[in-house]
Amino acid sequence: MQFQTVEASYISKEGCRLVWKGVDDDDTDVIILNKNELESLVEIFKKNSTGEVELEDQSSFIRVNSDVTQFTLTNHGLLEAKTAELQEQVLEFAKIPHEPQYVYVGSKEFYPSVWIRDDDKESGDIATENPKQSLIEAILSSEPEKIRQDLSPTDLFRVFSTRRSTRKFLKTKVEDWKIDKILSAADVAPTAGNFQGFQVFLIKNDKTKEALVEAANKQPYVNAPVVLVFCMEPSRVKLKFPQEILEKFSLQDATIAAAFSLLAASGVGLSTIWIGMFDEEKVKKILGTDLRPSSILCIGYPDKKKPPKSRRKLKELIKVIE
Ligand SMILES: Cc1cc2nc3c(=O)[nH]c(=O)nc-3n(C[C@H](O)[C@H](O)[C@H](O)COP(=O)(O)O)c2cc1C
């Protein structure tokens, strides 16, 4: 793990994120410092001295030595950074006034300027107090700490903003009630005409999982504790449209259902990897079906909990058509 950068935090509004990267592009470690922790670190660096910063949990700490700074964290391996490098980046970061960006709704640090129009006003809405304020600004200026405390682990927005794919699963068995929830999430997904133009295969035996690994370009994590194969079933879609439209609907039905299952899995503390890279014909043969597979969802307890990956800035993602 190599220390990479200091960046604005979207969880602790006046703190920062310290980011480490591993050899594998997917391997990242992040430590989030709150305002006080960051200030203590800045103080040590400003004095060019050495010292220790105790973190919020009172059992993790940062030890600033003259050459290397060590991060000893509870339930986590030791992380290190060259002191000179970290010092330069932290002091540089501290110079910039970072506006509060308490984005509890997602892993996005920036927001587009979408203005609330007058005719969108609704009484009691947090966005109505100042019509010139963007919705997200309104959310940010409303008591974020209180909102955060109210979030349950299954809160949809919390699931959105903390979810991260996993390619290393523990062997731990997934409880049946969790599998039920994941499958029922697929069942309640919206589908074209409510015809549910898809079918889910729940793979229980290890031989079939191994065969799926082979069919999925030898991706080893396909052999996960729970493996679901989502297939398109256009013949269920009893709508009077050309066959290609029905095919498209069933692809969308199967994809939304898989996404619902993915979120349900995250909501019950599991992690997933979505597999799109596979040989359709091989998968059909393994399952003994004529239905075209659209995705394989591999589910289990993650070997290591990782923070979400970063994305484009929201203002790059969203094009507002006035
Ligand atoms: C349509 C689609 C196909 C994907 N196919 C694969 C795949 O074949 N193998 C794999 O390891 N990951 C696959 N992924 C997972 C993505 O790489 C992963 O979701 C992405 O890097 C974003 O990371 P995150 O899910 O942690 O936010 C796929 C994801 C999607 C949505």
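# A guided tour of the model

The UniProt annotation "transmembrane region", from an unreviewed entry, covers residues 256–277. UniProt positions follow the numbering used here, feature names are shortened, and annotations may be inferred rather than shown by experiment. This is a predicted model: local features need pLDDT of at least 70, side-chain atom pairs count only at pLDDT 80 or more, and totals for chains, interfaces and linings use all residues. Residues are numbered from 1 along each chain as its sequence is written.

**The annotated stretch**

Select residues 256–277. Here the chain is 55% helix and 23% strand. The end C-alpha atoms of the stretch are 18 Å apart. Helices (H or I, at least four residues) and strands (E, at least two) are DSSP runs, numbered from the N terminus.

**The whole chain**

Zoom out. The protein chain has 10 helices and 11 strands. Of its 322 residues, 26% are buried. Buried means that 20 or more other C-beta atoms lie within 10 Å of the residue's own; exposed means 12 or fewer, and partly exposed is in between, with C-beta atoms placed from the backbone. Among contacts with a separation of 6 or more, 60% join residues 24 or more positions apart. Two residues are in contact if their C-beta atoms, placed from the backbone, lie within 7 Å.

**Helix H1**

Select residues 35–46. This is helix H1, and its 12 residues should span 16 Å at 1.5 Å a residue; its end C-alpha atoms are 16 Å apart, which agrees. The expected span is 1.5 Å times one less than the number of residues. Now pick Glu37, Leu38, Leu41 and Phe45, which are buried. Seen down the axis of H1, its buried residues fall within an arc of 95°, so they line one face of the helix. That arc is taken from the directions from the helix axis to the C-beta atoms.

What covers these buried residues? Strands E2 (16–21), E3 (28–33), E4 (51–54) and E5 (61–64) are included, along with helix H2 (83–95).

**Two asparagines**

Go to Asn48, in the loop between H1 and E4. Its phi is positive, about 55°, although Asn48 is not a glycine. Asn48 counts as exposed, with 9 C-beta neighbours inside 10 Å.

Then select Asn217, in the loop between helix H7 (206–215) and strand E9 (226–232). Phi of Asn217 is also positive, near 60°. Asn217 has 11 C-beta neighbours inside 10 Å and counts as exposed.

**Gln199**

Find Gln199 in strand E8 (residues 198–203). Is Gln199 buried, exposed or partly exposed? Gln199 is partly exposed, with 19 other C-beta atoms within 10 Å. Beyond its neighbours within four places in sequence, Gln199 is in contact with Cys231, Glu233 and Leu291. Leu291 is 92 residues away along the chain, yet the two C-alpha atoms are separated by 8.2 Å.

**Helix H8**

Select residues 243–267. Helix H8 has 25 residues and reaches 36 Å from first C-alpha to last, close to the 36 Å expected. Gly269 follows H8, with a positive phi near 85°. Within H8, click Ala259. Ala259 is partly exposed, with 17 other C-beta atoms within 10 Å. The C-alpha atoms of Ala259 and Trp274 are separated by 8.9 Å.

**The ligand**

Finish at the ligand. Around the ligand are Arg164, Ser165, Arg167, Gln219, Ile273, Trp274, Ile275, Gly276, Met277, Pro308 and Lys309. A residue is near a molecule if its C-beta atom, placed from the backbone, lies within 6 Å of it. The shell divides into five nonpolar, three polar and three charged residues. Ala, Val, Leu, Ile, Met, Phe, Trp, Tyr, Cys and Pro count as nonpolar, Asp, Glu, Lys and Arg as charged, and the others, Gly among them, as polar.
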